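Here are some notes for someone opening this structure for the first time. Please read them alongside the sequence and the model.

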Amino acid sequence: FEILLNFVCSLFPNTFSWWYGYCINILSFIGICVLLFATTRLLSDSKWLGVATVLFYGFSIVGLSSTIYLRMYSLLTLFTLLLVYLVVRVFKKNYRKCTLEYILIGLDMILGGLTHFYFLVFAFLFSAFFCIGLMVNKEWKALIKYAVSAVLGVVVYFVLYPYSIYKMISGTSMYDGTIQFKYLWYLRTTLSIFLTETLGFSISISLEAWLWFVFALVVIIVTFVLLSFVFRKDQWYKDFLACTKEKIVSTWKKLALAFKSKESIIWISLWLTVLGVLLVVTKISNVQAMGLATDRYMFNDLCVFIMLFVCLLYGILRRIFAKKQIWAGIIFVAFSVFFLLLQNFHFESEYLFSAEKRTVKELTEELDSKNVILVGNAPWRLEWYAVMLMKANRVLYVNTDDDNLNLAELMKELPENEDALLLLEKSSYIPKDKVLGEGESTAFELSVNDLQLIYTAQTENELMSILDEASERLKNREFLFVEPNTFVGDIEFYSIR
């Protein structure tokens, strides 16, 4: 995504517009709709159901959020759907003459991984379940071809971007120190987000209710064991056990036959993948710190869920109204509209622009020819500030992870006859009376050239190199201590001269 954004911006040098990012997301959205239609049509043999899936996704909260959020998640959804589409094509062609599809699967693994390593979570789970289905059906040639194309794609991805291995293993330190809750609490939150953004309602299971459920389950098990001991010699109880065993075995055999069915491989693989991604995202992302913003890591999973849900809903209605298909269609449309209205009235996208906030263009003009002190705790976010500060006369960035700030002392660095503004990331600082001892300065002076380099930085190492050079310009100052708190916060503007 960053490479594409950099390419688009390079076509319009010395300018900035939101549309440079939106053009990528809009094209991704169009591609998502095309793939949703094509995949649903292949799965259901119905072009009208494909249209219904596209409309459902297009008017859903997740469709809106992934498109207006100017980051890589819309592109991530596109590559995820492309993988699903290619695998379904291989399946529908009965694994014959699929050389092109296998090549594209390998290429999709590379591009999807380069977009975001969360792609590999979906790809791994989907590939694992699909390969198990191939093994159950003894499609050994198809298994080898798919495994080779997918593994080669992932290997090439790691060769191109080896840093991703470290990133996946080490995780993130962004939320170190935050309070940790039980996994069930996080799962309840992600499940609520999942259902709210697709169907408009959530299932809230309190911890107390879960404890009561566990208690009731223990009581039932203990009661069953006691009754089994008391009636162990009675004939009716022996017949009951034999009947129960027979039903369990027959049900298991039916499930095994369903999984062995060629038609079930894709459906079961996709449903298990959707569930698996939800569980993995809950585990590896910091739900407590991210809150509703956790949905970004599930945008691709939510899109696939919508496709599966639409197909499932229509399939159930067709079975119920087998002799009156027109009623199945009417009720299907009614349910779809109901779910869309429910989610749009019940939930608002986290990524909508607020009418009360100023645009970047307005902020850029307001900071024109002014001296700025920017206080924050995450240097990587300077990429976001770079455009806003392009016209500033002079910028002092203060990284406040471990130092104190004396504003009067820092002001000496700025010319007395020029205007000065103080920008504070609201969520990242604590009261001024809570200060620590003196330490090495984390303030650095940024020139216009620095800001341009930061904005166009290709790698994290390049960005940090720019900041290291800038940090050499200011040493041994006293700063206001700032403590990281949340992912992003409001910015407070103060006129200090």
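1. Contact, as used in these notes, means heavy atoms within 4.5 Å. The model is predicted, so local features need pLDDT of at least 70, side-chain atom pairs count only at pLDDT 80 or more, and totals for chains, interfaces and linings use all residues. Residues are numbered from 1 along each chain as its sequence is written, and side-chain values use heavy atoms, with hydrogens and water left out.

2. Start with S66, which lies in helix α4; helices (H or I, at least four residues) are DSSP runs, numbered from the N terminus. Not counting residues up to four places away in sequence, S66 touches N25, Y57, S74 and F299. S66 counts as buried because its relative accessibility is 0%; buried means under 20% relative accessible area, exposed over 50%, and partly exposed in between, with a 1.4 Å probe and protein chains only. The side chain of S66 also reaches the backbone oxygen of G63, at 3.3 Å.

3. A nonpolar core is a set of buried Ala, Val, Leu, Ile, Met, Phe, Trp, Tyr and Cys residues joined through side-chain atoms within 4.5 Å. The largest one has 89 residues, of which L83, I105, Y146, L270 and V304 touch the most other members. Helix α5 gives the most to this core, with 14 residues. A second, separate core of 13 residues includes V372, L374, L382 and Y385.

4. Leaving aside neighbours within four places in sequence, Y146 is in contact with L83, V87, Y102, I105, M109, S127, F130 and C131.

5. Turn now to the surface. A nonpolar patch there is formed by F213, V214, L217, V218, I221, V222, F224, V225, L226, W236, F240 and L241, with about 1100 Å² of accessible area together. The elements that give two or more residues to the patch are α11 (207-230) and α12 (235-260), and α11 has the largest share, 9 residues. Patch residues have over 30% relative accessible area and no salt bridge, and nonpolar side chains are joined within 5 Å.

6. Is L226 buried or exposed? This residue of helix α11 counts as exposed because its relative accessibility is 55%.

Methods:
Patches are made of residues with over 30% relative accessible area and no salt bridge: like charges are joined within 9 Å, nonpolar side chains (Val, Leu, Ile, Met, Phe, Trp, Tyr) within 5 Å. Accessible areas come from the Shrake-Rupley method with a 1.4 Å probe; for residues, only the protein chains shown count as cover. A salt bridge is a side-chain nitrogen of Lys or Arg within 4 Å of a carboxyl oxygen of Asp or Glu. A polar contact is a pair of N or O atoms within 3.5 Å; within protein, one must be able to donate a hydrogen and the other to accept it, and residues adjacent in sequence count only if both atoms are side-chain atoms.
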